[in-house]
Amino acid sequence: MTFCLLLLSTVALTAAVPVPRALTRAAWPEREPVVALWVWQCLVATVLLCCLTALALGAAAVFGTVRAQLFAPAPPAVTAAYDLSSAPAWAAVLTLLLACGAAWTTAMLGRELAEARRRRGQARAHLRERAPDLPAGLPAARGPLLVLEDEYPDAWWMPGSPAQLIVTTGALHRLTDHQLDAVLTHERGHARARHDWLLHLSTALATGFPRIPLFAHFCDQTHRLVELAADDTASRRCGHLTTALALIELNQHRGVLSCASTHRLLGERVDRLLQPPPRLDRHHRALTTTLAALVPLLPLLIAFAPGLTALA
């Protein structure tokens, strides 16, 4: 059991500190944002699974009631293989820390979802004021696409069930038909991929554990990569140049080409669309996604190895 806890801690620390720092310095995520998002999710899943399995094993070693419930269906040889009766003192401290971390993570996720629901409710109430219902007998005022009377050019995606696309009349006047199609395709890409859930998860983890490099980088990279992925969705349908021009027209008043940090991502997105980077071939993408999917299996293999050895 001691060896399992040490090995799980080593895997978690490796996935939480050096790997994310190396991944942020790599160039290929800009070429393949969807694959990069998958790799980040697999790293986060690996760390969370390491913590959960270590918590389960530590609790089983420290508390006899948990051990009886967790290993009730297992033969005596499996329980003996884990050597739960000789838990060191540091295992109790580690179990307590992991339990507090699990409770804090759950609280952060719950708070983020509650805040997102509150913000979404306020935004929908504001939309109802700006776009009131039509009289009875006429078509509904709101649907998958909502047009607002506003000179300010803007377009965004409102998560929910169902998701809703909002575009202002200022954007309709400023953009050509092809550019408008690119903008709406970009927003539909966010909706189809359910990027809102990924953003909520990354924000909650970064807020709860700001000093852990994995969660801090996961939040920053997720906010960046979801935009690049949606840009790719739009460019595949409408072309790179049309998507870049639509991005410029829609954000010109915000300083899209400014060097300010808040606008730097917009400039990077425009440069990326005007000069598309070389993409990985199909075999490299498949290999990367497969290897990333296998990484979260490491905590499970470490946890189940003693039991499988005892049964063999």
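Me: In which sense do β1 and strand β3 pair?
Reply: This is a predicted model. Strand β3 covers residues 164-168, and four bridges link β3 with β1. In general, strands of a sheet pair through backbone hydrogen bonds, either parallel or antiparallel. For β1 and β3, the sense is parallel.

Me: Which residue is the bridge partner of V147 in β3?
Reply: Strand β1 runs over residues 145-148, and β1 is joined to β3 by four bridges. In β3, the residue that partners V147 is V167.

Me: What is the order of the strands in the open sheet?
Reply: The sheet has three strands, and its pairing is mixed. Its edge strands, each pairing on one side only, are β1 (145-148) and β2 (155-158). Neighbouring strands are turned against each other by 25° on average, direction ignored. The order is β1-β3-β2.

Me: Is T95 buried or exposed?
Reply: T95 lies in helix α7, which spans residues 89-130. Beyond its neighbours within four places in sequence, T95 is in contact with L55, G58, A59 and V62. Its relative accessibility is 6%. Because the cut-off for buried is under 20%, T95 counts as buried.

Me: How far apart are the end C-alpha atoms of residues 88-110?
Reply: The unreviewed UniProt entry places the feature "transmembrane region" at residues 36-57, 88-110 and 286-308. Residues 36-57 are 100% helix and 0% strand, with end C-alpha atoms 32 Å apart. Residues 88-110 are 96% helix and 0% strand. For residues 88-110, the end C-alpha atoms are separated by 34 Å.

Conventions
Residues are numbered from 1 along each chain as its sequence is written. This is a predicted model: local features need pLDDT of at least 70, side-chain atom pairs count only at pLDDT 80 or more; totals for chains, interfaces and linings use all residues. Side-chain values use heavy atoms; hydrogens and water are left out. Two strands pair if DSSP finds at least two bridges between them. Helices (H or I, at least four residues) and strands (E, at least two) are DSSP runs, numbered from the N terminus. Axes are lines fitted to C-alpha atoms, for helices over the stretch in contact, and angles run from 0 to 180 degrees between N-to-C directions. Buried means under 20% relative accessible area, exposed over 50%, partly exposed in between (1.4 Å probe, protein chains only). Contact means heavy atoms within 4.5 Å. UniProt positions are given in the numbering used here, feature names are shortened, and annotations may be inferred rather than shown by experiment.
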